[in-house]
Amino acid sequence: MPIAFILTAVVTLLAAAAAMSLRNLVHCALMLAVSFSGIAAIYLQLNAEFVGFTEILVYVGAIAILIVMAILLTRSGETPDKSVLTSGWMAGIVVTVFVFVLLGWAVLNSSALPQTMAPAPHATVKNIGDVLMTKYVLPLEIIALMLTAAMIGAVVIAYREEAPKTKREEGIPIPPRDSLLPPPSPTGEKA
Amino acid sequence: MNWIVQYLWLIPALPLVAAGIIAVNKQPQRKLAASLAIGSMAIGFLLSLCAFAATLKHGEGAFREVYGFNWLQFGGPDNWLQLGWVLDPLTAVMLMMVTFVGMLIFIFSVGYMAHDQNFMRFFCFLALFASGMLGVIIANNLFLFFVSWEIVGLTSYLLIGFWYHKPSAAAAAKKAFITTRIGDLGLLLGMVWLYAQTGTLNFYDGGKGCLEATALNTMLGAPPVAGFAVVTAIGLLIFLGAVGKSGQVPLHVWLPDAMEGPTPVSALIHAATMVAAGVFLVARVYPLMAAGATTVAHGAPVTTALTVVTWVGAITAIFAASIAVAQNDIKRILAYSTVSQLGYMMMGLGVGGVAVGMFHLITHAFFKALLFLGSGSVIHGCHEEQDVRKMGGLKKYLPVTFAVYAVGMLALCGFPLFFSGFWSKDEILHHAREWPVSHIPFYLGCTGALFTAFYMTRQVALVFFGKYRGGDQESAADSHTDAHGHGKPQPSAHADSNNTPHESPAVMTVPLMILAIFAVLLGVIGTPAWPWFHGYLTGEAIKFDFSQLTESGTLGLMLTSAVIVLTGITLGVFLYGKRQRQTAEEKDVLEAAQPFLFGILQNKYYVDEIYEHTVIRFNAFAARLCDFLDTWIFGGAVLLVSYVTLGLAWLYRLTDEKLVNLGFDAGCESLREGGGIFSKLHTGRVQTYLRVIGVALVLLILFLIWGRKA
Amino acid sequence: MTPLQICLLTSALLFATGFAGAVTRRHAILVLVGIELMLNAANLNLIAFWRFGPNPEALTGIIFVLFSMALAAAEAAVGLALVIAIYRHKKTSNLDEVKELKG
């Protein structure tokens, strides 16, 4: 078990590192999808099959796609020629190192970790559904509410504003509503 | 109580009120001023006559009534400062003389000062002087006496320096004031000592006064101080005041210079009244000076104080008479004559008692005032010329003046029988001859009489006889602008040409004539045949006895003095009358004969120069020393304090600015910088916030771990 | 090293990677990518503790992770909508230039 696990883990981590360090954003998104898949594989090895498949469905199928959509919508598809790193990135690296050192040290030196391994659980869909509907029905409803709110909120935030009703200068056409292009500026300059 | 004693205060109060009214008048109202002053003196004279009448009726002993009232309370409830006045024969006779002579001089001044712009000021000061002098006379109280004495000194200063824009007049006034001040110091010390010894300020107080028997006996019993008996010491100190005021040697230097004042001032103050105040003072405190006398000679006690008085008087008499021989200013001759006669008065007081000295004072007042006013008339007529060498032959230009002046001159010389000066001076010489201590004052007095006759004859001969020598216009005009104090070169009053002298108006000559009459008649009351004056002052009964005149001692003395006077007059006539000088510049006869001696006499024995080089120099040095002290030591102390304060203030400012402000500013600055630093955390960038969150996470977890471990 | 520790270390490393990217990269979307990675690391942590914990039969870990995934999805949606809105407004997706809140 460990060999497969370690292999999967390594793949996941490399993909994640790649996702964070590549210049082209689309490549990042794709590497992210790979990373998600690796995590799903880890889930499967840990006998959490439902979570693994949910991971594929939600993350790879929705979120990664969403990220690609956003990249396209923000016109970041081309490889940038400037630096991709923000100012003060070294401080960020330092903080990251601190965080990782802390977490690693906590993990390795912790005496609270369970030593024995329990037998494989029955994490069937039925069991999960049973538990969801009985024990965790309230969080379920709340999650439903939250998802609704999130959806509405996302639509509201990303909603393209209406073109102003007032008449612009003569000869400049008012662009249609669902165009992906931004409206032309009055002086004709590129935005 | 006699009503006049109650109202005696009116006599000095009326001139004081007159002076006050004149002083507050802004507009020159000459008639008002003159009438107020003369009127107050006239009413004063009438009141003096009433006072005199009151003193005539008396029982045994002399009349004396005192009026006193409580004035100021100090110390315990019974300790009152009393003020008051006394009416006795001495007071009454002085009151009459001062008011009468003063009134005549006031009338004369109306004419004399008619051209002066400061008429009002003159009469204000004159009235003030009169009130001061009258206050001196009636005062029964050391305090009131001293206050009035000082008023007299002040007004003398004001009147001598009346034409203050003349530097010589201002200097003369200052000299007079300072010299009499030295005397006044002695007077003050004597009075304070007297008060300390007797415990009362009143002279006569129904037996408790400081000049009365009980007080004198107490003082006689007191232990001597520095070899002097207490009465002698006090008497000498008080006499020092008289020396200053009456111009005795050595404090005589101010009197001749005081001739810078207008002639009525010279007549009133420096002939008749103020200088007589010193003699009056000695007469007033005579009981003190005569206390403890061991021998009584011819009715006059002999004490140490009176001996000193006699010697000072005798020396002054001969000293001043010798100087007067060599003077050329008409007023200066009279001034030295006054000093000499004052010496006679003091001598008279010393050898013969109050009556002898006072008699000569009264007669002298009249004829000296007459002489001064006459000289004023001469000066006025000669267009302010004062040098006798530039006069001459005025007999035909000023006949009335000549007549009265001759009367005065004969009275002063002591021309036998008809003139009052003869009788009064004879009294003095008579008592001097009887003086047990020494006969030298008698001989000095005789020599002085010779000199007196001589220089008066010289003066009259040079002024009234011979040829008029004041011919040159320049000197007349110069001295005219100088002495008159106008500013106008030629007054319009003199209608004729500038050179000719002219007679004075009636307002000036009538007082002269009245004074002349008295100069003759007053002799009657003091003759040995009928010594009314003596009896009046001492309260003894007197009778008319013609045989007194023919008593051998008296007759011998009368003949001796007659011979002396006639010798002096003859000498003067011979040297100056017959051989008249022709021009003003010609040397004096005596000067040609004895230039060295004459020079000494003319320069007043160089007394002024001696004083200048000793006392004045020392005074100037002391003044400079005090100035140095004041500037550097006291001023330095003040400056030091101010510098210390400034230094402290600078230090405070420094502290405030540097420490406080800086601290405060530094605090604010650091706050602002801190705020600036903290505001840098707000970058507005999400990733910065993320990093901070990461750091915070790490720190929190560490904190939790270690917290749990602990 | 127990499997649990290996899992935990993996998730720690994943978390660090995601955090590194979130605080280092300039593009806004990549920050969200990093956040997704961090969330995934947390989920992995949870599953590891569920599996190697005392009572896996209670399915607590699974439920937790399910909810976490739902949340992550909602959050990604809203976040990306925000990025698009910012891009529309400021014409840039460079986080260095979005500092309206500076000061």
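Among contacts in chain C between residues at least 6 apart in sequence, 54% link residues at least 24 apart, a contact being two residues whose C-beta atoms, placed from the backbone, lie within 7 Å. This is a predicted model, in which local features need pLDDT of at least 70, side-chain atom pairs count only at pLDDT 80 or more, and totals for chains, interfaces and linings use all residues. Residues are numbered from 1 along each chain as its sequence is written, while chains are lettered from A and ligands numbered from 1 in the order in which they are written.

Staying with chain C, you'll find 3 helices and 0 strands, running α-α-α from the N terminus on. Helices (H or I, at least four residues) and strands (E, at least two) are DSSP runs, numbered from the N terminus. Of its 103 residues, 61% count as buried. Buried here means 20 or more other C-beta atoms within 10 Å of a residue's own, exposed means 12 or fewer, and partly exposed is in between, with C-beta atoms placed from the backbone. In the segment after α3 (60-90) of chain C sits Lys91(C), whose phi is near 60°, positive although the residue is not glycine. Lys91(C) is partly exposed, with 13 other C-beta atoms within 10 Å.

Now over to chain A. It has 6 helices and 0 strands, and 23% of its 191 residues count as buried. With 17 other C-beta atoms within 10 Å, Asn47(A) is partly exposed.

Chains A and C meet through 70 residues from chain A and 62 residues from chain C. On the chain A side, α1 (2-21), α2 (25-45), α3 (49-73), α4 (89-109), α5 (125-134) and α6 (137-158) each supply at least two residues. That side has 57 nonpolar, 13 polar and no charged residues; Ala, Val, Leu, Ile, Met, Phe, Trp, Tyr, Cys and Pro count as nonpolar, Asp, Glu, Lys and Arg as charged, and the others, Gly among them, as polar. As for chain B, 7 of its residues are in contact with 7 residues of chain A. The chain B side of that contact divides into 4 nonpolar, 2 polar and 1 charged.

What about the inside of chain B? The largest nonpolar core has 213 residues, and those with the most contacts inside it include Val282(B) and Leu370(B). Such a core is a set of buried Ala, Val, Leu, Ile, Met, Phe, Trp, Tyr and Cys residues joined through C-beta atoms within 7 Å. Apart from it lies another core, of 76 residues, with Ala16(A) and Ile84(C) among them.

From α16(B) the contact takes residues including Phe367(B), Leu370(B) and Gly374(B), and from α17(B) residues including Val404(B) and Gly408(B).

One last stop: the peptide bond from Val249(B) to Pro250(B) is cis, with omega near 5°, and Pro250(B) lies in the loop between α9 (230-245) and α10 (254-257) of chain B.
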